[in-house]
Amino acid sequence: MRLIDTHTHLDFSDFDADRAEVLARSSALGVQRMVVLGVYQANWQRLWQLVEATDGLHAAFGLHPVYLDEHQPQHLAELRDWLGRLAGHRKLCAVGEFGLDYYLEALDRQRQQTLFEAQLGLAVDFELPALLHVRRAHAATIATLKRFRPPRAGIVHAFAGSYEEAREYIKLGFRLGLGGAATWPQANRLRKVVAQLPLESIVLETDAPDMAPAMHPNQRNSPEYLADICAELAALRGVTAEELAAASSRNADEVFGWN
Ligand SMILES: [Zn+2]
């Protein structure tokens with residue numbers, strides 16, 4: 001079974017003690033590629049060193065809305081520099097993680113919107129996919145995407161919206177990232193949506209170290225759990241784990257231009 005973890009934070013210190021072992025166990029379980037996403041300027045260098053030195057890892061760089069107060073105006077210019085310097089590098093795969101978070105009310109929405117649009121502009125300029133964080137902000141995100149229409153589209157990570165919202169993203173060419181959240185039995189509404197989504201629109205992710213799946217509760221999440229997540233989501237959709245792994249990996253290959 002070949003798997004791709006389209007969303008990880010393997011550079012976080014949560015993995016400092018055993019990162020090599022986690023990577024070895026994940027690849028033994030079929031996880032062939034993993035995307036590591038930058039969230040603020042201060043982690044880009046460290047992230048790039050990790051990705052460059054490790055087979056199967058790919059990098060995305062972005063300014064995450066949850067860290068709004070850490071972002072400085074010059075960080076957008078630096079992001080453009082990073083993307084320009086690495087343009088065409090096989091290890092650079094996307095702009096992200098960025099987006100809109102209306103769940104945390106302390107985050108100023110206008111400043112988020114400005115940062116969101118600036119990074120969508122970079123995805124357009126550098127012809128890279130956009131890897132989006134969207135919480136309680138689907139309407140604003142969809143309206144903005146309709147104005148920018150990034151040519152390579154991208155992924156709405158940890159998708160937890162409605163079926164109608166999913167359809168809007170799909171019409172814009174986006175894939176929906178699914179992971180631990182839909183493995184929890186109490187996530188009824190999300191599980192119904194996941195069961196209905198077209199197979200061509202799904203990519204798998206862990207968001208490690210966050211969003212532990214139901215079969216590994218209260219633990220540090222890890223790409224080594226992706227096969228378990230895949231098996232649970234496949235059962236929910238009435239297909240085999242192999243079918244979901246093959247389809248989601250093919251979809252991820254298309255997003256990132258891998259073959
Ligand atoms: Zn993330």
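User: Why does Gly96 count as buried?

Analyst: In this predicted model, the relative accessibility of Gly96 is 0%. Buried means under 20%, so Gly96 counts as buried. The residue sits in strand E4, residues 92-101.

User: Which residues does Gly96 touch, leaving out those up to four places away in sequence?

Analyst: Gly96 touches Leu37, Gly38, Ala60, Phe61, Gly62 and Leu131. A contact here means heavy atoms within 4.5 Å. Gln196 is 100 residues from Gly96 along the chain, and their C-alpha atoms are separated by 27 Å.

User: What is the omega of the peptide bond from Gly96 to Glu97?

Analyst: Omega of the Gly96 to Glu97 bond is near 20 degrees, and the bond is cis. Glu97, like Gly96, is placed in strand E4.

User: What is the omega of the bond from Ala208 to Pro209, and where is Pro209 found?

Analyst: The Ala208 to Pro209 bond is cis as well, with omega near 10 degrees. Pro209 is in the loop between strand E8 (202-204) and helix H8 (226-237).

User: Why is Met211 called partly exposed?

Analyst: Met211 has 35% relative accessibility. Buried is under 20% and exposed is over 50%, with partly exposed in between; the value for Met211 falls between these cut-offs, so the residue counts as partly exposed. Met211 is in the loop between E8 and H8.

User: What is the phi of Met211?

Analyst: Phi of Met211 is about 55 degrees, a positive value although the residue is not a glycine.

User: What makes Arg149 exposed?

Analyst: The relative accessible area of Arg149 is 51%. The cut-off for exposed is over 50%, therefore Arg149 is classed as exposed. Its phi is near 40 degrees, which is positive in a residue other than glycine. Arg149 belongs to the loop between H5 and strand E6 (154-157).

User: How do you know that Thr144 is buried?

Analyst: Thr144 has a relative accessible area of 2%. That is under the 20% limit, so Thr144 is buried. The residue is part of helix H5. Apart from neighbours within four places in sequence, Thr144 is in contact with Gln113, Phe116, Glu117 and Leu120.

User: How do the axes of helix H4 and helix H5 pass each other?

Analyst: The axes of H4 (residues 109-125) and H5 (residues 138-148) come within 11 Å and cross at roughly 35 degrees. The crossing of H4 past H5 is right-handed. On the H4 side, the contact is made by Gln113, Phe116, Glu117, Leu120, Gly121 and Val124. On the H5 side, it is made by Thr141, Thr144, Leu145, Arg147 and Phe148. By class, five residues of this contact are nonpolar, four polar and two charged.

User: How is empty space found, in general?

Analyst: A probe the size of a water molecule is rolled over the atoms, and this shows where empty space is left.

User: What volume does the largest pocket have, and which residues lie nearest its centre?

Analyst: The volume of the largest pocket is about 510 Å³. Its lining has 24 residues, with His133, Arg135, His157, Ala158 and Met211 nearest the centre. Strand E5 (130-135) and helix H7 (188-196) each give at least two residues to that lining. By class, the lining has 11 nonpolar, seven polar and six charged residues.

User: What lines the second largest pocket?

Analyst: The lining residues include Leu83, Ala87, Gly88, His89, Arg90, Phe126, Arg152 and Trp258. The space in the second largest pocket is about 170 Å³. Eight of its lining residues are nonpolar, two polar and two charged.

User: What makes a space a cavity rather than a pocket, and how many cavities of 30 Å³ or more are counted?

Analyst: In a cavity a 1.4 Å probe fits but cannot get out, whereas a pocket is open. One cavity of 30 Å³ or more is counted. The largest cavity has a volume of about 50 Å³.

User: Which residues line the largest cavity?

Analyst: Its lining consists of Ala158, Phe159, Gly177, Leu178, Gly179, Gly180, Ala181, Ala182, Leu190, Glu205 and Met211. Seven of these residues are nonpolar, three polar and one charged. Ala158 and Met211 also lie in the group nearest the centre of the largest pocket.

How values were computed
Residues numbered from 1 in each chain as written. Predicted model: local features only at pLDDT ≥ 70, side-chain atom pairs only at ≥ 80, totals over all residues. Heavy atoms only, no water. Axes fitted to C-alpha atoms, helices over the stretch in contact; angles between N-to-C directions. Helix = DSSP H or I, 4+ residues; strand = E, 2+ residues; numbered from the N terminus. Left-handed = near helix turned anticlockwise from the far one by under 90°. Nonpolar A, V, L, I, M, F, W, Y, C, P; charged D, E, K, R; others polar. 1 Å grid on protein atoms, 1.4 Å probe; cavity = no way out; pocket = protein on both sides within 12 Å on 5 of 7 lines; lining within 4 Å. Points joined across faces, edges and corners; volume = space filled by probe spheres on them. Buried < 20%, exposed > 50% of the residue type's maximum accessible area, 1.4 Å probe, protein only.
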